[in-house]
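Q: Could you walk me through this structure slowly? I would like to start with some of the aromatic residues and then look at the whole chain.

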Amino acid sequence: MTPSAISVLAGRRRIATSPPPHAYFVGSAVFHYLGPAFAVLLFARVDPLGVAWFRIVSAAVVFALWRRPWRGIASTDRTTRSTIALLGLVFATMNVCFYVAIDSLPLGTVAAVEFLPVIALAAVRARTKRNAIALGLAVTGVYLLTDVRLENDTVGFAFAFANAALFAAYIVLAHRLARTNGIAPLDGLATAMLLAAAVVTLLAGRNAVPALVDPVAVGVGVGVGIASSVIPYVFDQLAMARLSRSTYSLMVALLPATAIVVGVVVLAQIPTPVEGLAVAFVVAAVAVHRESTA
């Protein structure tokens, strides 16, 4: 047995004895919104494309030092390498689109658009009446919570919808990577992030240059990368290894509810009655949903 195969098998044994996948998802969901909280501090010093660069590049450095993924990539098959390459491209372009979108649209509006194709992914395999009900509850909750409003900003919405499509692509590719036997999933994730760093440098590197001499901007940028692109993506891989794609896609509907919790704890933003009702719909959806056996 090759060293790479031993590493993959050892990783899967650790996953089998680790906490339940839903716990990893909750961790990912929390950091999904703590990261943007750091980014709010950075917007005053760096433009949106520069923030995207800091997020991806700092995460890539952390993954490179931690995983050293280049040691096992050569032994992977062509399909796995293609998945990793596509995931790297998605990471880079998704983050660029996300930060450009929230620069001109409210974060809630961008989030609402982002969840539309994700809910569609859950619908693809909602083959039972129970799961169809869960999907309906999730859609209702997300709609009430995010209060989608069309605004007169064509460019902003173009980037928001591009980000949404790329986020759905991320779920498909990351789930495929989590189930591969060719490389330890976290090593594949690290390799994808290194590729993303190269792509985002071409797209946005020059926008970050002025901030490189600002110690506060660099420090906050590293925090954004760790909170937004290291911790949640690692937790995602650990969750996806044991959850079906449709189940994970439905659970993503919990992210707006998580945003309310983070808002209450960190920003003292008390939810309105409508937001409370929306959270109840989303939690009910996750409770009703059951893993497909087909």
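**Rings, core and a loop**

A: In this predicted model, phenylalanine 91 and tyrosine 170 are both buried.

Q: How far apart are the ring centres of phenylalanine 91 and tyrosine 170, and what kind of pair is it?
A: The two ring centres lie 5.7 Å apart and the planes meet at 40°, so the pair of phenylalanine 91 and tyrosine 170 is described as tilted. This pair joins distant parts of the chain, since phenylalanine 91 belongs to helix α5 (residues 78–104) and tyrosine 170 to helix α8 (residues 154–178), 79 residues apart.

Q: Which residues make up the aromatic cluster with Phe91?
A: One aromatic cluster is formed by Phe91, Phe167, Tyr170 and Tyr233.

Q: And what does tyrosine 170 touch, leaving aside its neighbours within four places in sequence?
A: With those neighbours set aside, tyrosine 170 is in contact with Leu87, Val90, Phe91, Met94, His175, Tyr233, Asp236 and Met240.

Q: OK, what about the largest nonpolar core, how many residues has it?
A: The largest nonpolar core contains 67 residues, and among those with the most contacts inside it are Phe91, Met94, Tyr99 and Tyr170. Several helices each supply at least two residues of this core, including α2 (21–43), α6 (107–124), α9 (185–208) and α10 (215–240).

Q: Which helix gives the most to this core?
A: That is α5, which contributes 13 residues to the core.

Q: New topic: where does arginine 55 lie, and is it buried or exposed?
A: Arginine 55 is found in helix α3 (residues 48–67). Because its relative accessible area is 9% and buried means under 20%, arginine 55 counts as buried.

Q: So what does arginine 55 touch?
A: Not counting residues up to four places away in sequence, arginine 55 touches Asn95, Tyr99, Val224, Gly225, Ser228, Ser229 and Tyr233.

Q: Going back to rings, how many aromatic pairs are there in the whole structure?
A: A search of the whole structure finds 9 aromatic pairs. In one of them, tryptophan 53 and phenylalanine 54 are arranged edge-to-face, with 5.3 Å from centre to centre and 80° between the planes.

Q: Are tryptophan 53 and phenylalanine 54 buried or exposed?
A: Tryptophan 53 counts as buried at 15% relative accessibility, and phenylalanine 54 is buried as well, with a relative accessible area of 4%.

Q: Which ring does arginine 67 lie over?
A: Arginine 67 lies over the face of tryptophan 66, at 5.2 Å from the ring centre.

Q: And what is the phi of arginine 68 like?
A: Arginine 68 has a positive phi of about 45°, although it is not a glycine. For comparison, most residues other than glycine have a negative phi. Arginine 68 sits in the loop between α3 and α4 (70–73), and at 43% relative accessibility this arginine 68 counts as partly exposed.

Terms used:
Residues are numbered from 1 along each chain as its sequence is written. This is a predicted model: local features need pLDDT of at least 70, side-chain atom pairs count only at pLDDT 80 or more; totals for chains, interfaces and linings use all residues. Side-chain values use heavy atoms; hydrogens and water are left out. Helices (H or I, at least four residues) and strands (E, at least two) are DSSP runs, numbered from the N terminus. Buried means under 20% relative accessible area, exposed over 50%, partly exposed in between (1.4 Å probe, protein chains only). Contact means heavy atoms within 4.5 Å. Rings of Phe, Tyr and Trp (its six-membered ring) pair if their centres lie within 6.5 Å; planes under 30 degrees apart count as stacked, over 60 as edge-to-face and the rest as tilted. A charge sits over a ring if NZ of Lys or CZ of Arg is within 6 Å of the ring centre and within 35 degrees of the ring normal. A nonpolar core is a set of buried Ala, Val, Leu, Ile, Met, Phe, Trp, Tyr and Cys residues joined through side-chain atoms within 4.5 Å.
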